[in-house]
Amino acid sequence: EAELFRVRSAVRPDGYTLEVMIPAAALTGFNPTDNPRLGFTYAVVDRELGWQTFTVGPEFPFVEDPSLWGTLELKT
C-alpha cells in the first residue's frame, strides 16, 4: 500500500535531506499502545559517499539480522 507512505526529498548545498512518513496503518499488526517500540534501520547508497546506515555498516548482515538495528521509542 505505497499510497500510505509520504516521501519528501531536497537537494542542499551540503548534501540532501530525505523524509519518510510511515503511518501506523502501514505496519501490519502494530499497536503503539501495547508496544511503543519499533526496530529500525536504513541504508542509503550514495554514489559519492557510499553506504550511509543507521547503525552498523555493510560489513555486517544488518538486512537479515534485526538484532543489529536501532530502536525507536514512539511517544504519543
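**Close-up views of a predicted model**

The structure holds three salt bridges, a salt bridge being a side-chain nitrogen of Lys or Arg within 4 Å of a carboxyl oxygen of Asp or Glu. This is a predicted model, in which local features need pLDDT of at least 70 and side-chain atom pairs count only at pLDDT 80 or more, while totals for chains, interfaces and linings use all residues. Residues are numbered from 1 along each chain as its sequence is written, and side-chain values use heavy atoms, with hydrogens and water left out.

**View A. The salt bridge of E19 and R8.** Here E19 forms a salt bridge with R8, and the closest N and O atoms are 2.6 Å apart. E19 lies in strand β2 (residues 15–21) and R8 in strand β1 (residues 6–12), so this pair ties together parts that are eleven residues apart in sequence. Helices (H or I, at least four residues) and strands (E, at least two) are DSSP runs, numbered from the N terminus. E19 is partly exposed, at a relative accessible area of 40%, whereas R8 is exposed, at 56%. For these words, buried means under 20% relative accessible area, exposed means over 50%, and partly exposed is in between (1.4 Å probe, protein chains only).

**View B. Strands β1 and β2.** Let's stay with the two strands that carry this pair. β1 and β2 pair in the antiparallel sense over seven bridges; two strands pair if DSSP finds at least two bridges between them. The bridge partner of R8 in β2 is E19, and these two residues also form a salt bridge. A hairpin of two residues joins β1 to β2.

**View C. The salt bridge of D14 and R12.** D14 forms a salt bridge with R12, with 3.2 Å between the closest N and O atoms. D14 counts as exposed at 62% relative accessibility, and R12 counts as partly exposed at 41%.

**View D. The salt bridge of E73 and R37.** The side chains of E73 and R37 meet in a salt bridge at 3.6 Å, N to O. E73 lies in strand β6 (residues 70–73) and R37 in strand β3 (residues 37–40), so the pair ties together parts that are 36 residues apart in sequence. Both partners are partly exposed: E73 has 45% relative accessibility, and R37 has 48%.

**View E. The surroundings of L38.** L38 has its place in strand β3 and is partly exposed, with a relative accessible area of 25%. Leaving aside residues up to four places away in sequence, L38 touches L27, F30, G70, T71, L72 and L74, where contact means heavy atoms within 4.5 Å. L38 and V63 are 25 residues apart in sequence and 15 Å apart in space, C-alpha to C-alpha.

**View F. The largest pocket.** The largest pocket has a volume of about 580 Å³. Of its 20 lining residues, the closest to the centre are V20, I22, F40, T41 and Y42. β2, β3 and β4 (43–46) are the elements that give two or more residues to the lining, and the largest share, five residues, comes from β2. The lining residues divide into 16 nonpolar, four polar and no charged; Ala, Val, Leu, Ile, Met, Phe, Trp, Tyr, Cys and Pro count as nonpolar, Asp, Glu, Lys and Arg as charged, and the others, Gly among them, as polar. On a 1 Å grid over the protein atoms alone, a pocket is an open set of points where a 1.4 Å probe fits, with protein on both sides within 12 Å along at least five of seven lines, and lining residues have an atom within 4 Å of a point. Grid points are joined across faces, edges and corners, and a volume is the space filled by probe spheres set on the points.
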